[in-house]
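Colleague: Before I use this model, I would like the terms set against their cut-offs.
Modeller: Then let us take them one at a time.

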Amino acid sequence: MNTTLATRWNRLTAPLTTDVALRNATFHQLSEAYCASDRHYHTLNHIRNLLDSLERSGLALHDPEVVKLAIWFHDAVYSSLRDDNEARSAALAKEFLSKTTLSAERCNRVAYLIERTKDHTQPQPAADVDLLYFLDADLQILGAPEADYWQYARQVRQEYRLVPDFMYRRGRRKVLEKMLSTAQLYQTETFRSRLEAAARRNLQAELHAWDKDGL
């Protein structure tokens, strides 16, 4: 996995900086973060899936490079015991990008995309195709085949293993109910037509499981 991802990272970042040591050190930093022992779902495989989804989509994004950078950094900081992961991940991205030739405007744009992943249920700017695509891609696991969805649900529980069962059950139910209460989980027609119905079935099934005996 790392070899292929390293190639993709260098393909993305080489035009931004000729500092090979900086590129390599940042890739190593990201790899270590996503491969940490407390990661089960938010791993390098998640990054790969989002990058693959972007390449398969064929969508005419306004700034695909910025979206790819956001993908790489959006879960770089991930702690189940903190509520500022997105802000810290965005700050990490800006720290790296400040040493590149990426304009300040585009650098801030990367940070903005990352920060918007804090709550996918919040209203999003309808005309911001790049943001809507990025958020939908981040949620594509919700509409995955049933077995894959349950694996994801168990992996998320593992990432919150320090949280007692009664607290996790309560928090997870709130998350599931909030997502199910939204008019639409996916903001783009590309994802909505393909995944919306399956995602709602999966979320409802997990909610039902927590109402009974849990996962």
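**Terms and values**

Colleague: What makes the contact of Asp165 and Arg157 a salt bridge?
Modeller: The side chains of Asp165 and Arg157 come to 2.6 Å, N to O. A salt bridge is a side-chain nitrogen of Lys or Arg within 4 Å of a carboxyl oxygen of Asp or Glu, so the pair is called one. The model is a predicted one, where local features need pLDDT of at least 70 and side-chain atom pairs count only at pLDDT 80 or more, while totals for chains, interfaces and linings use all residues. Residues are numbered from 1 along each chain as its sequence is written, and side-chain values use heavy atoms, with hydrogens and water left out.

Colleague: Why is Asp165 called exposed, and why is Arg157 called buried?
Modeller: Buried means under 20% relative accessible area, exposed over 50%, and partly exposed in between (1.4 Å probe, protein chains only). Asp165 has 56% and is therefore exposed, whereas Arg157 has 15% and therefore counts as buried.

Colleague: How many salt bridges does the structure hold, and what is the N to O distance for Arg8 and Glu55?
Modeller: There are 13 salt bridges. For Arg8 and Glu55 the distance is 3.3 Å. Arg8 belongs to helix H1 (residues 2–13) and Glu55 to helix H3 (residues 44–57), so this pair ties together parts that are 47 residues apart in sequence. Helices (H or I, at least four residues) are DSSP runs, numbered from the N terminus. Arg8 is buried at 12% relative accessibility, and Glu55 is partly exposed at 48%.

Colleague: What separates Arg173 and Glu177 along helix H9?
Modeller: Arg173 and Glu177 stand 4 residues apart in H9 (residues 165–180), which means about one helical turn between them. Their closest N and O atoms are 3.1 Å apart, and they form a salt bridge. Arg173, with 23% relative accessible area, is partly exposed, and Glu177 at 36% is partly exposed. Elsewhere, salt bridges that share partners join Arg8, Asp52 and Glu55 into one network.

Colleague: Which residues have the most contacts inside the largest nonpolar core?
Modeller: They are Trp72, Phe73, Val110 and Leu142, in a core of 63 residues. Such a core is a set of buried Ala, Val, Leu, Ile, Met, Phe, Trp, Tyr and Cys residues joined through side-chain atoms within 4.5 Å. Not counting residues up to four places away in sequence, Phe73 touches residues including Trp9, Leu30, Phe96 and Ile114; contact means heavy atoms within 4.5 Å.

Colleague: What makes a space a pocket, and how much space lies in the largest pocket?
Modeller: On a 1 Å grid over the protein atoms alone, using a 1.4 Å probe, a pocket is an open set of points with protein on both sides within 12 Å along at least five of seven lines; lining residues have an atom within 4 Å of a point. The largest pocket holds about 1,100 Å³, where volume is the space filled by probe spheres set on the points, joined across faces, edges and corners. Its lining has 33 residues, with Tyr78, Glu86, Lys118, Tyr160 and Val175 nearest the centre. H9 gives the most to that lining, with 9 residues.

Colleague: How much space lies in the second largest pocket?
Modeller: About 340 Å³. Of its 18 lining residues, Tyr41, Asn45, Asn49, Ile141 and Asp148 are the closest to the centre.

Notes
Helices (H or I, at least four residues) and strands (E, at least two) are DSSP runs, numbered from the N terminus.
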